[in-house]
Amino acid sequence: MKTDTPLDVDTSADPASVSTLLADYLHTQRETILDGQITVETHDDPDSVSDMVIASRRARSALSAHRRTVHTEPEVRRVIEELRWFGITVGAAHELRTQSARLHAAVDVLRPRYVRGPVPARITEYFGERTRLAWLAARDLLGSPRFPAMIEDLMAEERLLRSGIVMGIDDVDNAVVLRALLDRVRSRRRAVESTGEEDARDAAVHALRKAIRRTRYYLESVHDLAPSRTAQACDGLGVVQDLLGEHQDAVVAKHHLIQITREAENAGESTFTYGLLLQREIDRTTRYSEELPSAYWRSLRDARVMADVHAKD
């Protein structure tokens, strides 16, 4: 792959190919997933899966960044889809538990007169069974033949990448790949700005978050091509990714609260407290949306420089 000296590549030695760097990155994520499996077997705890879920996202995002390869290689597409399925299924119980803790903490800081009805018990009941079923599904997945098959597919992809025969990886300039990723980010940012309806805007912000995440994890995978600039760019992207993650957590909390409110209504309970909690989550999404423009420009500066993107949006 052609590299440009503005990407601060060390020219004193031949840099590794992108295929090799990607293979190394996938290997690291695969090892993290396998370590996570051991941790789950030891602790049997939904909170033990967070590292392996993030590893599956990193591997999926790094592969997905190579659009030409994804379009021409069915096996790569299949690995990406398996990683997506894995992350969603294994991470569901942990996400439910995190949301439960979030809402319980929100109730705990309310003045007693604002807590009407059996609110903590209702929240516990709502999340308890859902978390249990989601964790059973995660454990079933990790014990099924599909999990080792996914690991074997990742190992096979690593071998193919090291051999240099995966099309579309080493014959595309790094800056071209990064520009395409940033085009995707800009397109999704415009969608956020042009959307006014609450649910549609929430979905647009989440789509922007995923585009930022893919860009960040792609840069992580090619870190050795330009170590210092890549580290700076990833740090910047991480800041806006965290902000968008806070927004998504509030969005998910809103949807859970709406469902909990329905269940409380059906049981003849007061829904006053859930209304307060819902408004707080709405206020959070509004605040995060207001912080997004300045965070966006600051956070993407180094990535834009790396891709030599100078045109105004």
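Tutor: A salt bridge is counted where a side-chain nitrogen of Lys or Arg lies within 4 Å of a carboxyl oxygen of Asp or Glu. The model is predicted, so local features need pLDDT of at least 70 and side-chain atom pairs count only at pLDDT 80 or more, whereas totals for chains, interfaces and linings use all residues. Residues are numbered from 1 along each chain as its sequence is written, and side-chain values use heavy atoms, with hydrogens and water left out.

Student: How many salt bridges does the structure hold?

Tutor: The structure holds 24 salt bridges. In one of them, Arg139 pairs with Asp44, with 2.6 Å between the closest N and O atoms. Arg139 belongs to helix 5 (residues 119-142) and Asp44 to the loop between helix 1 (18-43) and helix 2, so the pair ties together parts 95 residues apart in sequence. Helices here are DSSP runs (H or I, at least four residues), numbered from the N terminus.

Student: Is Arg122 buried or exposed?

Tutor: Buried means under 20% relative accessible area, exposed over 50%, and partly exposed in between (1.4 Å probe, protein chains only). Arg122 is buried at 9%, whereas Glu125 is exposed at 53%. The side chains of Arg122 and Glu125 meet in a salt bridge (3.7 Å, N to O), and both residues lie in helix 5, three residues apart, about one turn of the helix.

Student: How much space lies in the largest pocket?

Tutor: Rolling a probe the size of a water molecule over the atoms shows where empty space is left. On a 1 Å grid over the protein atoms alone, a cavity is a set of points where a 1.4 Å probe fits but cannot get out; a pocket is an open set with protein on both sides within 12 Å along at least five of seven lines, and lining residues have an atom within 4 Å of a point. Points are joined across faces, edges and corners, and a volume is the space filled by probe spheres set on them. The largest pocket holds about 1,100 Å³. Its lining has 36 residues, of which Arg57, Glu95, His206, Arg209 and Arg213 are the closest to its centre. Helix 4 gives the most to this lining, with ten residues.

Student: Which residues line the largest cavity?

Tutor: Val205, Leu243, Leu244, His247, Tyr288, Ser289 and Leu292 line the largest cavity, whose volume is about 30 Å³. Helix 9 and helix 10 (272-306) each supply at least two of its lining residues.
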